Amino acid sequence: MTITGHMLLLIVLCGLVTLIVRVVPFLMISRIQLSETVIKWLSFIPISLFTALVIDSFIVQHKGMQGFELNIPFIVATIPTVIIAVVTRSLTITIIVGIIFIAGIRWFF
């Protein structure tokens, strides 16, 4: 596959938009003094988002079908990933291990 100038420009622009969307809110919030109530409320957001993402990945619904089913490969990959997360307490290592496990499962099955 070759990359044309238009594709490269599109990739760079998408990267810039993603960077802006992720960095600007942090820059704006860093200049504002937040109350203790707001800080406490914000502390629950990461775990809530993480839980929603994980549960959304555990349960799948196929297009045109009724009902839901469990995503067994994802659940199997989650088990060692959670163990590594607890042992290492490193987000980077946890993400790398999770990606390796899900890639391995998808490669072999």
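**One residue, then the whole chain**

Modeller: Start with valine 86. Valine 86 counts as exposed, because its relative accessibility is 52% and exposed means over 50%. Bear in mind that this is a predicted model.

Colleague: Which element is valine 86 in?

Modeller: Valine 86 lies in helix 4.

Colleague: And how far is valine 86 from lysine 40?

Modeller: Their C-alpha atoms are separated by 24 Å. Along the chain, valine 86 and lysine 40 are 46 residues apart.

Colleague: OK, move on. Where is arginine 89?

Modeller: Arginine 89 is in the loop between helix 4 and helix 5. Its phi is near 55°. That is a positive value in a residue other than glycine.

Colleague: Is arginine 89 buried or exposed?

Modeller: Exposed. The relative accessible area of arginine 89 is 73%, and the cut-off for exposed is over 50%.

Colleague: What about glycine 67, where does that one go?

Modeller: Glycine 67 is in another loop. That loop runs between strand 1 (59–60) and strand 2 (69–70).

Colleague: Why does glycine 67 count as partly exposed?

Modeller: Because its relative accessibility is 38%.

Colleague: How far is glycine 67 from isoleucine 55?

Modeller: In space, 16 Å from C-alpha to C-alpha. In sequence, glycine 67 and isoleucine 55 are twelve residues apart.

Colleague: Let's zoom out. How many helices and strands are there?

Modeller: The protein has five helices and two strands. From the N terminus on, the order is α-α-α-β-β-α-α.

Colleague: What domains does the assignment give?

Modeller: Domain 1 covers 1–32. Domain 2 is made of 36–61 + 70–108. The C-alpha centres of domain 1 and domain 2 lie 25 Å apart.

Colleague: What is the radius of gyration of the protein?

Modeller: The protein has 19 Å. A compact globule of 109 residues would have a value near 13 Å. The C-alpha trace spans about 50 × 45 × 35 Å along its principal axes.

Colleague: How much of the protein is buried?

Modeller: Buried residues make up 10% of the 109 residues.

Colleague: New topic. How much space lies in the largest pocket?

Modeller: About 760 Å³.

Colleague: Which elements give two or more residues to its lining?

Modeller: They are helix 3 (45–58), helix 4 (72–88) and helix 5 (91–108). The lining of the largest pocket has 22 residues. Nearest the pocket centre lie Phe50, Val54, Thr81, Thr94 and Ile95.

Colleague: And how does the lining split by class?

Modeller: The lining has 14 nonpolar, six polar and two charged residues.

Colleague: Last one. Where does UniProt place the feature "transmembrane region"?

Modeller: The unreviewed UniProt entry places that feature at residues 6–29, 41–60 and 72–105.

Colleague: What do residues 41–60 look like in the model?

Modeller: The span 41–60 is 85% helix and 10% strand. Its end C-alpha atoms lie 30 Å apart.

Colleague: And residues 72–105?

Modeller: That span is 94% helix and 0% strand. The end C-alpha atoms of residues 72–105 lie 10 Å apart. Arginine 89, with its positive phi, sits in the loop between helix 4 and helix 5.

How values were computed
Residues numbered from 1 in each chain as written. Predicted model: local features only at pLDDT ≥ 70, side-chain atom pairs only at ≥ 80, totals over all residues. Heavy atoms only, no water. Domains from an automatic or database assignment. 1 Å grid on protein atoms, 1.4 Å probe; cavity = no way out; pocket = protein on both sides within 12 Å on 5 of 7 lines; lining within 4 Å. Points joined across faces, edges and corners; volume = space filled by probe spheres on them. Helix = DSSP H or I, 4+ residues; strand = E, 2+ residues; numbered from the N terminus. Nonpolar A, V, L, I, M, F, W, Y, C, P; charged D, E, K, R; others polar. UniProt positions renumbered as here; feature names shortened; annotations may be inferred. Rg over C-alpha atoms; globule rule 2.2 N^0.38 Å. Buried < 20%, exposed > 50% of the residue type's maximum accessible area, 1.4 Å probe, protein only.
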